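Here's a quick briefing to get you started. Have a look at the structure first, then read on.

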Amino acid sequence: MYGGHPPRATCSRVEASAPSSLDNPGQDPNRPKEKGSKMATNEMDSHVKEIAKALGNRVPEQEIARELENYVSVYRVSVDTAKRSIVKKHGGDPAGLLKAAGKTVQELRAGDNAVSLLARVVYVDRRTVNVPDGAKEILSGILGDNSGTVPFTAWEASGLELAKGDVVRIANAYTKEYRGRVEVHLGARAVITREPPEALPFQPRAPATGGAPVPATVSEIREGVGLVTLTARVLQVEPKGVTVDGATKTVHHGLLADATGRVQFTAWKDYGLAAGDALRIEGGLVKTFRGLPQVSFDERARVERLTESDLPGLEQLSQSPRAWIEDLAERGGAVDVTLRGIVVDVKEGSGLIHRCPECKRVLVKDSCRLHGVVKGVPDLRVKAVLDDGSGALSAIFDRELTEALLQKTLEQCLEQAREAMSVEVIRDAVTDALVAQPIEVRGNVTSDEYGLMLMVQEARVLRVDVQEEARAMLGELEESS
Amino acid sequence: MIREVAWRLFAGEYNDSRKELSDGGDRSPSYVLTPLGAKVNRLLVSGVLTDIENLGTETEPHFRARVSDPTGIFHVYAGQYQPLAAAAIAKIAPPAFVMVVGKARTYTTEQGNVYANVRPERIRVVNAAIRDYWVLECCRFLRKRLDLARAAHGLEAPTRESLQKLGCSPAAAEGLEAALQEYGKVDLSRYTAMLVEGLRYLLPEHRERAERPVEEPAAPTAEAEEKVLGILTALDTDGKGAAWDALLAAMAKAGMEASDLEATIDVLLDRGAIYEPVLGRIKRI
């Protein structure tokens, strides 16, 4: 994706193999040293050319190739480190290599202390935060590339001008995790250089997936599938304006469903879609958007409207399907599902909370992680653990649902907490109302490394005719015996 | 780390477990393996909390609670490492319907006998409707495990792969394979009977049978108490009390049924004539 450089997938595969052999140096002493880190010649060539270029072609490629081979195969350092070391050794500037060392947003992992990235500023805001030694000016916002978006904070903002739409090359940033999401932080060591917009051409299709589309049902659509062929019915669709390369474009966003489930979609072209349409989409690309897999397609896909199909009707598909948590864990989330389970715990941070007026983060000891000491805005929410016997997930209830659960308004809760001189009373009330309670909930389920999270849209106490089901099961058992 | 699921299973199946699995490391989770292949790290239990004893002290309580379901009794232990549950247990007046979320653990006696118990994370008083719903959920999952176990018994040499072909999820296949290795092809009729018992418990037309009180042992006699105390003294050779199994064996020899012994021990515990210095050992005061 970076102009004339090798495809990302090839690079990352090589990078991944080198550190893993470093991790277990003593694993097999008899193993030949070259094994496991041997690179295909053409990959090697492109790295050599890149190093040569960074050194202004002062050093013969043959010599570079020999050194690179030595670093990677004999000393088994990662390709990145090897390239940097060679450039440094010959008196060059490793910054000239950053193009290949960069990661895509999707590849970012928390806890990386030296991240390089080519990205577009999707959103940026300058503000002042309170830190222990006074006020400090920072920039924060969102960075994006063709693989996804990531929040960022630049802690050394004086003299740094960033505007929406800018394409920047970032080196030596670090990553952290906040609420299960990776964030990019630009500290004192970070180097930010502006690039022309062409450096990051807009591509709704990830470059590395390749290959022919695979046939899939909706429930088989998950991150990393790449291109799919899918037959599904449009449940809902609406136009949405998005800004691409500074220009406004209309996309069509909605929900697709088949008998196995439902999935969000984005059509980058106006197909004149309407709810109820049965479609065959050949070459839709699966991406993850806000923790949910989604299908996007444009003129590169073949989209066909079917007059006849085996798909269930619109009304049937519009009902929120029952799901087991075990299956959702395997699928990595789902849109608008109904779950039945028992609440087995109510977590910290449930009940009456205060949010930062700037960024809505929950305050800890009257302090926002990003904006320091602020006057909090009160809110109600519940983080419950719902368990259905096949798996467990975090179920988040918003203010409205929490008020309904407690049968109290936010104001009444504030009053109650004032009287008790503690917000704990509200959490206790939530615990009393929910723990050990069988419930039925409906909403979207997203997934991250901490597991699944359900944003509850509807909740009700589960009432099951226990006798009827027991009688039926007993009857079946007696029949089969 | 992904949160462990809370298994729904009856005391009858859980208490038949003789094996605790662990990957080794200090922080890696452990699992109680049941004969039907449930690999239980956490479980959800509901039933009647019949009695609570404090095995610790007033200031450092260590509670043992018994929770009875249609098939048997769960032994629930809560001490300093289960502060939330211990505080909750202290406030419950038995008998009461409860729901318990807890961790699965086993205790191994010196003789090598293994007893499965529950370390509660949360315990709540619930109503009969919730308890009934729990019984129904247990029946659903037990039926599924039974069906899979039956299919597995039909295989020549069941492996994880062949079990998955039968429709097991990867996790269920792994548990079932381990259970077949550990327990062999267990008698499934025992668990089918448990399933039927659970279902009948929910139905008024079978209520007479279901509501039959848990067999009340005959009131222990003074003679039995003397006998137990005598044997306790004889067995307590190192001052650490008598092992429960040794006591059981000695009493069987003396012609006393296990249920009678249990009842006698309970009376003596209540009266403060004996106590449990550590789990599984009984000592005279």
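A quick term before we dig in: strands here are DSSP runs of at least two residues, numbered from the N terminus. I142(A), for instance, is found in strand β2 of chain A, which covers residues 134-145. Keep in mind that this is a predicted model.

**A nonpolar patch on chain A**
- I142(A) teams up with V122(A) and Y123(A) in a nonpolar surface patch, and together they have about 240 Å² of accessible area.
- I142(A) itself has a relative accessible area of 32%, so it counts as partly exposed.

**Where chains A and B meet**
- On the chain A side, 35 residues are in contact with 32 residues of chain B.
- The two chains bury about 2900 Å² between them, with 63% of that on carbon and sulfur atoms.
- In chain A, the residues losing the most area to chain B are V466(A), M473(A) and L474(A), which together make up 18% of what that side buries.
- Across this interface there are 5 salt bridges, along with 10 residue pairs in polar contact.
- The elements giving two or more residues to chain A's side are β14 (334-346), β18 (377-387), α10 and α11 (466-480).
- Of these, α11(A) gives the most, with 10 residues.

**Salt bridges between the chains**
- R140(B) pairs with E469(A) in a salt bridge, with the closest N and O atoms 2.7 Å apart.
- R143(B) and E476(A) also meet in a salt bridge, at 2.7 Å from N to O.
- That pair joins two chains, because R143(B) lies in helix α3 (residues 128-153) of chain B and E476(A) in helix α11 of chain A.
- R143(B) is partly exposed at 23% relative accessibility, and E476(A) is partly exposed at 39%.

**Salt bridges within a chain**
- Over all chains, the whole structure has 41 salt bridges.
- One of them links R169(A) and E195(A), whose closest N and O atoms are 2.9 Å apart.
- R169(A) sits in strand β4 and E195(A) in strand β6, 26 residues apart.
- R169(A) is buried at 11% relative accessibility, whereas E195(A) is partly exposed at 22%.
- In chain B, R145(B) and E13(B) form a salt bridge at 2.9 Å, N to O, though they are 132 residues apart.
- Both R145(B) and E13(B) are buried.

**A look at R427(A)**
- R427(A) is in helix α10 (residues 424-434) of chain A, and at 16% relative accessibility it's buried.
- The side chain of R427(A) reaches the backbone oxygen of V346(A) at 3.4 Å.
- Among the residues R427(A) touches are K347(A), E348(A) and, over in the other chain, R122(B).

Definitions and conventions. Residues numbered from 1 in each chain as written. Chains lettered and ligands numbered in written order. Predicted model: local features only at pLDDT ≥ 70, side-chain atom pairs only at ≥ 80, totals over all residues. Heavy atoms only, no water. Helix = DSSP H or I, 4+ residues; strand = E, 2+ residues; numbered from the N terminus. Buried < 20%, exposed > 50% of the residue type's maximum accessible area, 1.4 Å probe, protein only. Polar contact = N/O pair within 3.5 Å; in protein donor to acceptor, adjacent residues only side chain to side chain. Contact = heavy atoms within 4.5 Å. Patch = residues over 30% accessible without salt bridge, like charges linked within 9 Å, V, L, I, M, F, W, Y side chains within 5 Å. Areas by Shrake-Rupley, 256 points an atom, 1.4 Å probe, with all protein chains shown as cover. Salt bridge = Lys/Arg side-chain N within 4 Å of Asp/Glu carboxyl O. Buried area = accessible area lost by both parts, 1.4 Å probe. Lists of a residue's contacts leave out its neighbours within four places in sequence.
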